[in-house]
Amino acid sequence: MTREEIIQKVNSTLAEEFEVDESKISPEGAIKDVLSLDSLSLVDLVAVVNYTFKIKIPTEDLRKIETFNDLYDYIEQHAK
Amino acid sequence: MTTLSSTQSNSHGDGSATAAPADYDVAIIGSGLGGLECAHILASQGRRVIVLERWRQPGGCTQGYRRGGYVFDTGMHYVGGLDAGQPLHDAFNRLGLLRLPWVRLDAGGFDRVTIGRQSFRLAQGYDRFVDVLAADFPAEREALERYVAAVRQSDNVGDMQMSRQMMETNAWEWLTQNFSDELLVNVVSGASMKLELRKESLPLFTFLHCNGGYIGSAWRLRGDGGQIAASLIGDIRRMGGEIVCGAEVVELVEDDGRIDEAVCNDGRRVRAAMFISDVHPAVTMQWLRGSRMARGVYRRRIAMLPDTFGMFTVSVVLKPRTVRYFNHNEYVYRNADVWDFYTKKGPVGGLMVSCRVPEDAHIDASGNITDSELYATQIDILTPMLWSEVAQWESTSVGRRGDDYKAMKQRRAEECIELASTVVKGLSGAVKEIYTSTPLTYRDYTNTPYGSAFGIRKDYSNALMTQLSVRTPVPNLMLTGQSLILHGLQGVTMTALATVGEISKQYNNR
């Protein structure tokens, strides 16, 4: 998957699952704020990434993912 | 005490908010151990509680079942950590469960693990545990000390960072790195029929916690495990709580961002300020189909989590005065493949034998049996059984599964008795009657998908998703039970305390 494809897939999937307008997602945007995530729904994000990209995110790694850009990077590095 | 029920308002969507007191402070769905423990604690705090149970008998996996004049256990066989200062002591004291007739298992070997022709003892007391095994594995004394230190660390569930770290560590890899001798890995894992050993997923925390409490002290009940549910229910009713059987919840109705009522299949509607589900989370998600708070992504991720395997149980009634009572558990394996024997084809490769304490046994104040001669009347034999082994009968119901199913159970039971006879001398000739159950039986009696014995499978590589929170996106709906934080009597009790803790937080925040 190219980075462009990852970005497109992440944005469309998260917009649909978390019921937000896709135009509100920007690379520098804070994931928690844009998707209105609390500690419980943060795990929903982990689940979506798991099912969509077959990537498991450990707790330590999750802490480092703050912006959508961080998430694109993480998926790019870990996608098989 | 703050009373949620008297302050909750019920918006009708027309701009008016009519005060409509709920019928109960807390409605608990499911009467397994976790549900009853939550009900007990909440009732003791003065809350008005109701427990809704779909089955005609309460108790979940702790319920006993009667056949031919004998009562057999569904899931409860022994418990650890009841001595003062140990993990379950205070909780069981608070729940009134210490007054039950607990029998202390043999201090020198509460579990005996036989692998092939070699037998090993797991002793009570951390130092003695090390000493006894170090006598068989002298080169591994330091590794045994590290193991026991880790077990004790895992008991400190309040240390969240440590728990999380152990939750994200692979148990099999940790054990094989800690011990040089793989036979010893098999031995310390040998009493783990109370959890699903799985090399590729089992977290170290789950492994250590499920084994640790027993090393402190190990106990079984005189009589059946149903006494636990009966004791809790008696107390709950005395404190004003209600237990209703035959009330199967089919929907949780959400209104204004909160669950307003539980709808049962008999038309009963129960309104409460707070709800706790002690039913498998995947089943709970089905009741929330119309929820706006619990979004599809949450419901799907819970519903898709895989479950642990189920168990095949042979409940044996013995001929009178044929087998001496043995005050320990026997674990028997044909080969040193404790972690994956159940995935291999062929006859049963490993099992647990639990001996029921005879009803006429005498117990002293310390929980020791004082009879010099005691014969067993019943034993249970348990071995893992995968869903794939019973899937062909999944559309059948209890008592109507056909002759081929009966033949499969008979063959399995004979294999179990043959293997158990290698440690329980004379067992084959002592069998008076047998009763068997499979994961299908568990599924139909306890409403657990795939008849899973321990609920949702924890995965060290996916701890965030498999270690479920007791909270849900609906603020007045909590979860409890073996699929949540930990399973087993100790795990479910710790989880119930966490669930009630969340409820208390909500009361305090109002």
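**Entry 1: a helix in chain A**

I count as a helix a DSSP run of H or I with at least four residues, and the helices are numbered from the N terminus. I note here that the model I looked at is a predicted one.

I began with α1 of chain A, which covers residues 3-17 and has 15 residues. From its first C-alpha to its last I found 21 Å, close to the 21 Å expected at 1.5 Å a residue.

**Entry 2: a record for chain A**

I looked up the UniProt annotation next. An unreviewed UniProt entry places the feature "domain: Carrier" at residues 1-79 of chain A. I then checked the make-up of residues 1-79 of chain A, and they are 66% helix and 0% strand. The end C-alpha atoms of this stretch are 8 Å apart.

**Entry 3: where chain A meets chain B**

I found 14 residues of chain A in contact with 13 residues of chain B. Which elements of chain A give two or more residues to the side that touches chain B? They are α3 (39-53) and α4 (59-64) of chain A. The largest share of that side comes from α3(A), with 8 residues. I sorted the residues on the chain A side and got 8 nonpolar, 3 polar and 3 charged.

**Entry 4: the domains of chain B**

The domain assignment gives chain B a domain 1 made of 4-65 + 225-305 + 468-509. Domain 2 of chain B is made of 102-221 + 307-451. I noted 31 Å between the C-alpha centres of domain 1 and domain 2 of chain B.

Across the boundary, 15 residues of domain 1 of chain B are in contact with 12 residues of domain 2 of chain B. On the domain 1 side, the elements giving two or more residues are α11 (281-287) and α17 (488-509) of chain B. The most comes from α17(B), with 4 residues. I sorted this side of domain 1 too: 7 residues are nonpolar, 7 polar and 1 charged.

**Entry 5: two helices of chain B**

I looked at α6 (residues 160-167) and α9 (residues 204-216) of chain B. How are α6(B) and α9(B) set to each other? Their axes come within 6 Å and cross at roughly 110°. Angles of 65 to 115 degrees count as roughly perpendicular, so α6(B) and α9(B) are roughly perpendicular to each other.

I listed the residues that make the contact: B:Ser163, B:Met166 and B:Met167 from α6(B), and B:Leu204, B:Phe205 and B:Leu208 from α9(B). Of the residues in this contact, 5 are nonpolar, 1 is polar and none is charged.

Definitions and conventions:
Residues are numbered from 1 along each chain as its sequence is written. Chains are lettered from A and ligands numbered from 1 in the order in which they are written. This is a predicted model: local features need pLDDT of at least 70, side-chain atom pairs count only at pLDDT 80 or more; totals for chains, interfaces and linings use all residues. The expected span of a helix is 1.5 Å times one less than its number of residues. Domain bounds come from an automatic or database domain assignment. Two residues are in contact if their C-beta atoms, placed from the backbone, lie within 7 Å. Ala, Val, Leu, Ile, Met, Phe, Trp, Tyr, Cys and Pro count as nonpolar, Asp, Glu, Lys and Arg as charged, and the others, Gly among them, as polar. UniProt positions are given in the numbering used here, feature names are shortened, and annotations may be inferred rather than shown by experiment. Axes are lines fitted to C-alpha atoms, for helices over the stretch in contact, and angles run from 0 to 180 degrees between N-to-C directions. Angles under 35 degrees count as roughly parallel, over 145 as roughly antiparallel, 65 to 115 as roughly perpendicular and the rest as oblique.
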